[in-house]
2 protein chains.
Amino acid sequence: MQNPLAKLVNELSKLPGIGERTATRLAFYILRAPSQYAQALSQAISEIKNKIRLCSVCFNLTEADPCQFCQNEGRDKALLCIVEEPQDLLAIEKSGTFRGRYHILHGVLSPLEGIGPEQLKIKELLRRLQDSSIQEIILATNSSVEGEATALYLVKLLKPFALKLTRIAHGIPMGGDLEYLDVMTIGSAIENRVVVS
Amino acid sequence: MQNPLAKLVNELSKLPGIGERTATRLAFYILRAPSQYAQALSQAISEIKNKIRLCSVCFNLTEADPCQFCQNEGRDKALLCIVEEPQDLLAIEKSGTFRGRYHILHGVLSPLEGIGPEQLKIKELLRRLQDSSIQEIILATNSSVEGEATALYLVKLLKPFALKLTRIAHGIPMGGDLEYLDVMTIGSAIENRVVVS
């Protein structure tokens, strides 16, 4: 007996960071918008679940398998960038600074939450390493405690493969104000200082 | 050639207050959620546009015409509460303090935006007043400049009908801290003080 408006508010408020008030505002917006909009949104939501799956090579989200990055012969096979989540891949792609391939772990090691190496795509990573074209692995997990621990774990695990292992640089973000940055970041920026002349 | 994820992010970021980052976060959430959720959300969005229309009596959003409030014989026909938007009706209903009927203007007078009395459901309000059962009209437009101007306009317009015209009270909100309230609110609260003993 729930009316369509209450139903939509209810569904929207299940989204992360969307409370009942915001959900109500969004529902009214959708209600007032031209019906093409509601249609397009509704369709985009149902399509995303039907059409998107994981790439069997890098475990990126994709429509086609293998994904656009794994298929693209223009991308350097020698470079493999390991990230936690598909969002991280998108962020790196937006920067336009990386022309290699990716491997998505789908998480980080987190003993407290019961996430060990078996829960991540690490077995699959090791299988990929049998492809001898890979020469450098860039560990681009986040700079959180779990991200660092996962990077450390991978360094140990991958050492026997005699590949070049690198970690993305930590330092002052562009536009970052020293005055407001935490000591860890500043310490890391000074430690990793770069010769400029 | 846009992929389903980019399409969903694009549609979501058209919602008010949702930027590209939030839209991406929501899209990934939908992608990870069980497919029943995506289905329910998608359906709720398309249903809201197909099933909801305006009540021909009070102009509330409704599935059935007349709406549940206009149909409900248990609600006092003598009391008519005028609000700006359907959201305001919902807010009043949640308070559980009003057992009369409603009339929704669908906006406020705003000469700057070219919204005059013809753009609001005022003609329709006058038509309803021919029903002699209405005895009191509560003006519950917002306390904004436009809301007050609209209330004032309605007072003038409705005076000839010899009805009781009331305006919702302005004052300190429950839990409101005098120290942080604006002078207009405090002024109004003192002016409208209520005898308690």
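I take a salt bridge to be a side-chain nitrogen of Lys or Arg within 4 Å of a carboxyl oxygen of Asp or Glu, and by that rule I find 6 salt bridges across the interface of chain A and chain B. The model I am reading is predicted, and I keep that in mind throughout.

**Interface**

I began with the contact between the chains, where 43 residues of chain A touch 43 residues of chain B. The two chains bury about 4,200 Å² between them, and 72% of that area is on carbon and sulfur atoms. I then looked up which residues of chain A contribute, and found that A:P4, A:I45 and A:K49 supply 15% of the area that chain A buries against chain B, more than any other three residues.

For charged pairs, I noted that the side chains of A:R32 and B:E85 meet in a salt bridge, with 3.0 Å from N to O. I also recorded a network of salt bridges that links A:K7, B:E47 and B:K51. Over all chains the count by this rule comes to 16 salt bridges.

**Salt bridges within a chain**

In chain A I looked up A:E47 and A:K51, whose side chains form a salt bridge at 3.8 Å from N to O. Both residues belong to helix α3 (residues 35-51) of chain A, where they are 4 residues apart, about one turn of the helix. I checked their accessibility as well: A:E47 counts as buried because its relative accessibility is 13%, under the 20% cut-off, while A:K51 is partly exposed, with a relative accessible area of 39%.

In chain B I turned to B:K14 and B:E11, which form a salt bridge with their closest N and O atoms 3.2 Å apart. Here B:E11 counts as buried at 9% relative accessibility, and B:K14 is partly exposed at 41%.

I next followed B:E136 and B:K164, a salt bridge in which the closest N and O atoms are 3.7 Å apart. This pair links distant parts of the chain, since B:E136 lies in strand β5 of chain B and B:K164 in strand β6 of chain B, 28 residues apart. B:E136 is buried, with a relative accessible area of 17%.

**The sheet of chain B**

**Domains of chain A**

Last, I looked up how chain A is divided, and noted domain 1 (4-51) and domain 2 (75-167). The C-alpha centres of these two domains of chain A lie 35 Å apart.

How values were computed
Residues are numbered from 1 along each chain as its sequence is written. Chains are lettered from A and ligands numbered from 1 in the order in which they are written. This is a predicted model: local features need pLDDT of at least 70, side-chain atom pairs count only at pLDDT 80 or more; totals for chains, interfaces and linings use all residues. Side-chain values use heavy atoms; hydrogens and water are left out. Domain bounds come from an automatic or database domain assignment. Helices (H or I, at least four residues) and strands (E, at least two) are DSSP runs, numbered from the N terminus. Buried means under 20% relative accessible area, exposed over 50%, partly exposed in between (1.4 Å probe, protein chains only). Contact means heavy atoms within 4.5 Å. Buried area is the accessible area (1.4 Å probe) that two parts lose on being put together, summed over both.
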